[in-house]
Amino acid sequence: MNDCRAIQLINEDKKFNQSTLEYFKQWIGDRDVGLDYHVVSVFGSQSSGKSTLLNALFKTEFDTMNAQFKRQQTTKGIWIAHSKEIACTKEVGDGVKGLDLFVLDVEGSDGAERGEDKDFERKAALFALATSEVLIVNMWEQQVGLYQGNNMGLLKTVFEVNLSLFGHKRDKQKILLLFVIRDFTGFTPLSSLLETLTAELESMWMDLNKPAEAENSTLYDFFDLDFTGLSHKLFKPEEFAGDVAKLGNRFVDRTSENFYLQAKYHQGLPLDGWTFYADSCWEQIESNKDLDLPTQQTLVAKFKTEEISNVAFNNFLSNYSTLETGLSGTELANQLKDLKDKCLAEYDNYGCRYMKNIYLEKRDELLEKLQTKFNEAISKHIDSLLESIVKNFKSLTVENASKVPFTKRLHGAREVALRTFETDTQEFVSLKLKPSLDDELAVLTVKINELAEQECAKEIKSIITRAKKYLYKNVRDTVITLLSHPKNNVWELVMVTFEKAFTESISKYKAVAEKDGDEDGILYDFQVDASLEGDQEIYQTIRSNSWTILYEVVHQYLKLDNVVSIIRDIFDNHFRYDEHDVPRLWKDELEVDEAFKIARMKAVEMLDILSTASIAGVEIVPDAELVREEQDDDDGGVDKAGADASNDIHTKRFSNILNITEKEKVLQQFRRQANFAVVEAKRSTIRTTTHIPIWMYGLLVVLGWNEFMMILRNPLLISFLLIAAAAFYFIHKLHLWGPLATFATSATEETKLTIKSKLRSMLMDGNNNSNTIPMQPIESFELQDFSNKETTEKIEQEE
């Protein structure tokens, strides 16, 4: 038997062929196919080339229409053929064989032979959808974008019934919808056609009446989509064959990502079970009433009201796009209300002529579309309004910060924000453009609360920072001065300075005056809209910062070197100066030793005082935790027990300025310096007892008498000295040393240049003479003695 010969699976009278399984056995033979087979079907308009496509792609022999003779229905009912060969390119393997492929050729839709009877074509399409792995939707390029032309209406009905019949099956396999666009010219890109078809399918799926089990399902829960285009078979036969071969590659190339015959599309039934499954599906589809045609009147009403609704909505969109920007809420609400009234009036004027239930149904759909656009415009306006309100809220919270308390500024800004929102948006609700603005008001409230918390945090931080700066400024210098020149009550003076600065730093926030001298009765209101506990927490933070500042100032200043310097100054004040601060002139070593003992005792006493911060023998302990970094435990969390213990040690450490080891180091350095001072003092007693003898001055006068008298007796030397002294005096008084130095420098440089110029001229003249004068014979002269008279006379005669 010819494998490619087709049989009629369902005839024109909607009868299922019960002999199908026998034909399958003839095609398969004795082979045990099992699950290794695939079912592909085609769906589309009548005379659109479905059978031609199947014959070219799968090498089948379905009957095709002879267009040169007559355009009429060729395929009646549903036919099935077996194929083991698929057209593909040479790279994959032209004419790949070995597959068991069953191809369904479904009767075309919209045929003149059936006329208004659309029942069979809907049931046939649903059957193909329920039994196939791949459903080829065959259409022409010019049908893309049409509703009835590309069978979108038929697909919608089929999808709805498919969901009602099979949607409850959670494990039902997916189906691949392969859209083949015939006579594809390429003028409109395939990507554009893909977007159009995908958008139509998704929109159609959203409008389906889904059963409760599939209410939240999407198109892609049941179907995968793919698209391809084929050239014109008659005008471009070679391109058509090439496109078909490329399409065939996707049915045979298992390595490709676009392989069509994937396992997820298979029914999961053995071949002999598929016939029973197909028979059962057709029986259920045949008995389902949802596929019956609605009356012609209902169809006309739906079509016309849909058309009127689309026209009215398009006019609305045209006017909607011309809305001005920057409108207030009232202005925007009035304009939207006018657009809504015009759109509904236009629809009501023409739509009320048709069936009332259909007319009202479409009117509700139109209202939903209008409401979507209204929500878009109102949301955009409210977003802008919220941004403006938030910006104004921030500015109001910082406006007049020096005059108005923060709490009043915060409450005023909150009232202005809510009043502005209510005034601007109330028309949206009153004109029934939006049912409620509670969600938007809740969003605004949340934003205002968040901003209020942020501003409160900033204000609290600012208060703490200002108090900290004030404390640091007023505590540091005074405390350092007290510590650098300490007295026996130095720590009492330090605490008085500290408490005074702390009280002044938060004095303007005092809310309840002191009662009966009890400082615990003082309460503070930091005016940040905080509770009593919140104000107390701020107070404790400032208190902790103040103690930390005092701790840092004291402990950073009283380092070993500074303490040594302080007690050294105390020692010097008592050792080098008397009670009237007059420097001592030592007479003997006994006086030096007495002063040393007293000065050393004072210095050691002050070292004991500075080593421990205490008043009247009681150590100073902070009444608030010092600010410190949290110590993390090994697991990355905070060890609370360890932290409390560490804080206790840290607090007690405040009064312990120097430990025993540090005091010993200070004493060692102090002793060295004090001993050196004693040695110097004792040396000075020796220098004061030794001086130059008087007879040395007499000897100096006797030996230098002659030189002194020589100067007095020489008037020229005295005059020169007087002139030099007078010149020196005037130059100094008139501040002429600078000009004189400049003049001397200029004269010196000028002299140097003159000397260099003269030397250069002499050297150049000497070189020129040596080059121009020719060499002459050297003359020799006889040296004669001109001492005697005769020789002289002889020479004169010769001349």
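**Aromatic rings and their partners**

Modeller: In this predicted model, Arg 543 lies over the face of Phe 502, with 4.5 Å to the ring centre. A further contact of this kind involves Lys 369, whose charged end is placed over the ring of Phe 313 at 4.7 Å from its centre.

Rings also pair with one another. The count of aromatic pairs comes to 19. One of them is formed by Phe 127 and Trp 282: their ring centres are 5.8 Å apart and their planes meet at 85°, so the pair is classed as edge-to-face, a term that applies to planes over 60 degrees apart.

Buried means under 20% relative accessible area. Phe 127 has a relative accessibility of 0% and therefore counts as buried. Trp 282, at 3% relative accessibility, is likewise counted as buried.

Ring pairs can also join into groups. Phe 24, Trp 27, Tyr 37 and Phe 102 are linked by ring pairs into a cluster.

To summarise, the rings take part in two kinds of contact: a charge over a ring, as with Arg 543 and Phe 502, and a pairing of rings, as with Phe 127 and Trp 282.

How values were computed:
Residues are numbered from 1 along each chain as its sequence is written. This is a predicted model: local features need pLDDT of at least 70, side-chain atom pairs count only at pLDDT 80 or more; totals for chains, interfaces and linings use all residues. Side-chain values use heavy atoms; hydrogens and water are left out. Rings of Phe, Tyr and Trp (its six-membered ring) pair if their centres lie within 6.5 Å; planes under 30 degrees apart count as stacked, over 60 as edge-to-face and the rest as tilted. Buried means under 20% relative accessible area, exposed over 50%, partly exposed in between (1.4 Å probe, protein chains only). A charge sits over a ring if NZ of Lys or CZ of Arg is within 6 Å of the ring centre and within 35 degrees of the ring normal.
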